[in-house]
Amino acid sequence: MECTLPSHCSDLDGQALANRTPLPKLAPFLLHSSSIPSEEEKLSVEKAIQETKTTLSVLDEEIARLRSSLALLESRREGTERHLAEQQAVLSSLRHIPPEILGEIFLYTCSESTISWPRHSHPPQSEIPVIDEIPWQLGAVCSYWRTVLHSLPKLWSTIHVDVASAQIPQGVPTLYLTQRVHRFIETCLTRSGSEPLNFTLKYAATPSKSPEEDDARELTCSVLAALVEVSERWANVTLDLEDLFSFHAILAPARERVPNLHTLYLCSSGQSATTPRPWHAIDAFVVAPRLANLTLIHISHPTHNLRLPWYQLKSLRSKGSNFHEGEFTRLLQQSHSLEEFRTEDERVLDLAVTSANSNTSNSNNSAVHLPSLRSLVITNKGSYISRIFQLITAPSLTHLSIHSRTAYSADHTISMLRRSLCSLQLRSLTLESSRDLEVVWEENYGIFCLLAEVKGVEECVLRVSKAADEIIPRLTVRRGMGAGPQRSPVIPSSHTSSGIGLMGSGYGMGQVSTKTSGQGAVLLPNLRYFSLEDSFCDSAAELKEMLQSRMVAGGGASNGASSGIAQLSKVHLKLSRPAPPSYSELDILKDVAKEKGVQMDILV
């Protein structure tokens, strides 16, 4: 393709040479500041000024002409580039990708995206795209990509609707919003075909408005009713609705129509406008043959107000829910098939009933037997944690995580492990204490007693304060130690739920001395991954010695310890105190870890 330049561009140089007329010059003495020109000289200077202005005007005209020519050339260049891109696109290898392969690429790209309403806007001056915008961006590339996207039922089967006053455009009529959201849902349902539906519906009430005046609530009811019509396709459902139980009538038609539902998330956020009554109970999920995973957030008296097939649940998470006395125990009894249980910040009023002989590890005869429970996660105040452990017997437990918001007492944890006969099979232990410096010694000694009980743990995560005082020295592998059974500290005979006061009197009567010198069994002989977050670490000397003793291949035999002790393979440390310290001892430890092939990262 031949490009012809404007005719005036070819003689550009000739015009430029023709316009290079010499500028008028003045006599040198006139340029001196003390020189006063005569009348005749004034006329000569004025003539020179006029000629210079004329020349300047000609130059301005020439510059404008050249700029116009340059703009024309740049415009033609942009058009030529577009034309070239269109021609090259014909030979693009992307055209050879079959739609099936392109669809798989799109599904992988959008694997963490959700089709959302309303659409999320880009953050100001952000180069990182909003992840939920990726499907729309791919569809804007070309009609072929858009056709492929529309033909992917799996992509359109996961939708998110956030009907909150902060998300809804202000000043837009409710009728118009209703039409838009229904068009969005209808589009998703059509394009998803018969694919099982995963959806999230969120609603937050408009401040200072009653439910009858709240447009957002009206819109939420409309959306929920539309989704209930296709409840047979529900697979993964999240209902995060303020005053959840006030929607029970809308959910009612879904009863016995959720055959594919396997995961359910229910959250009653905000301040409930109505107190749940028996006739407010939600029974839409009473018959859900595949329901296995349940999450309850801020639910009032769930066993009374939710009709669910508790007996078939495999995973249960409950956070901030309210229970009557005895209801927490009833919840566990009804959910006897649980494999994973997580409870967070819940007021447990139940008290375990103990037999007359309280000195035995099986003295608690009211604990709920959960034969399949493998994972238990508890976040709560120390006193409630003690009560929960009194209520559970879990012989199959392999993962235990405890986060105590107040002073933690380990005695009921140890009693539960002994009662369940699962101390040796526990493989993962995470423990975060309250880090209250006033009770740090009692907490850390209780943690040591717990570590002495769980000999099978391979992964140990501790988030504590002053670990060097009671915990770290006892984990050090020393000469003469073995991996055989170790006599654990004696559990106090008087069980209470008062928390730290028990440890102050009870743990002190244990049969383990405060110093671990001489021969004995190694704590956590199977430990392979160790993580420590210490918020008040004065020195790393003890930590360095402990980790070095566990980095020796063959179980510390070079230290004089017997074989059979596992070698650490990964370590994570996060150490701090009010005034950030430096730990020169750890520099040597890093070299040792590198030499022994141990992955180690340290944050100070």
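**A chat about a cavity, a helix pair and confidence**

Visitor: Hi! Which helices and strand each supply at least two residues of the lining of the largest cavity?
Guide: Those are helix H16 (467-470), strand E15 (529-534) and helix H19 (541-549). Keep in mind that this is a predicted model.

Visitor: And which residues line the largest cavity?
Guide: The lining is made up of Ala467, Ala468, Ile472, Leu532, Asp534, Cys537, Ser539, Glu542, Leu543 and Leu575. By class, seven of the lining residues are nonpolar, one is polar and two are charged.

Visitor: How much space lies in there?
Guide: The largest cavity holds about 40 Å³. The count of cavities of 30 Å³ or more comes to one.

Visitor: New topic: at what angle do helices H4 and H6 pack?
Guide: H4 (residues 99-109) and H6 (residues 143-150) pack at about 75°, and their axes are 10 Å apart. That angle makes H4 roughly perpendicular to H6.

Visitor: Which residues make the contact?
Guide: H4 brings Pro99, Leu102, Gly103 and Phe106, while H6 brings Tyr144, Trp145, Val148 and Leu149. Seven of the residues in this contact are nonpolar, one is polar and none is charged.

Visitor: Where in the chain is confidence lowest, and where highest?
Guide: It is lowest in helix H18 (residues 500-506), with a mean pLDDT of 43, and highest in strand E8 (residues 340-344), at 97. The chain as a whole has a mean pLDDT of 82, with 79% of its residues at 70 or more.

Visitor: Over which residues does pLDDT stay under 50?
Guide: One such stretch is residues 356-362, which has nine contacts beyond four places in sequence in the model. Residues 490-518 are also below 50, and that stretch has 64 contacts beyond near neighbours in sequence. Where pLDDT is low, the predicted coordinates should not be read in detail.

Methods
Residues numbered from 1 in each chain as written. Predicted model: local features only at pLDDT ≥ 70, side-chain atom pairs only at ≥ 80, totals over all residues. Heavy atoms only, no water. 1 Å grid on protein atoms, 1.4 Å probe; cavity = no way out; pocket = protein on both sides within 12 Å on 5 of 7 lines; lining within 4 Å. Points joined across faces, edges and corners; volume = space filled by probe spheres on them. Helix = DSSP H or I, 4+ residues; strand = E, 2+ residues; numbered from the N terminus. Nonpolar A, V, L, I, M, F, W, Y, C, P; charged D, E, K, R; others polar. pLDDT = per-residue confidence, 0-100. Contact = heavy atoms within 4.5 Å. Axes fitted to C-alpha atoms, helices over the stretch in contact; angles between N-to-C directions. Parallel < 35°, antiparallel > 145°, perpendicular 65-115°, else oblique.
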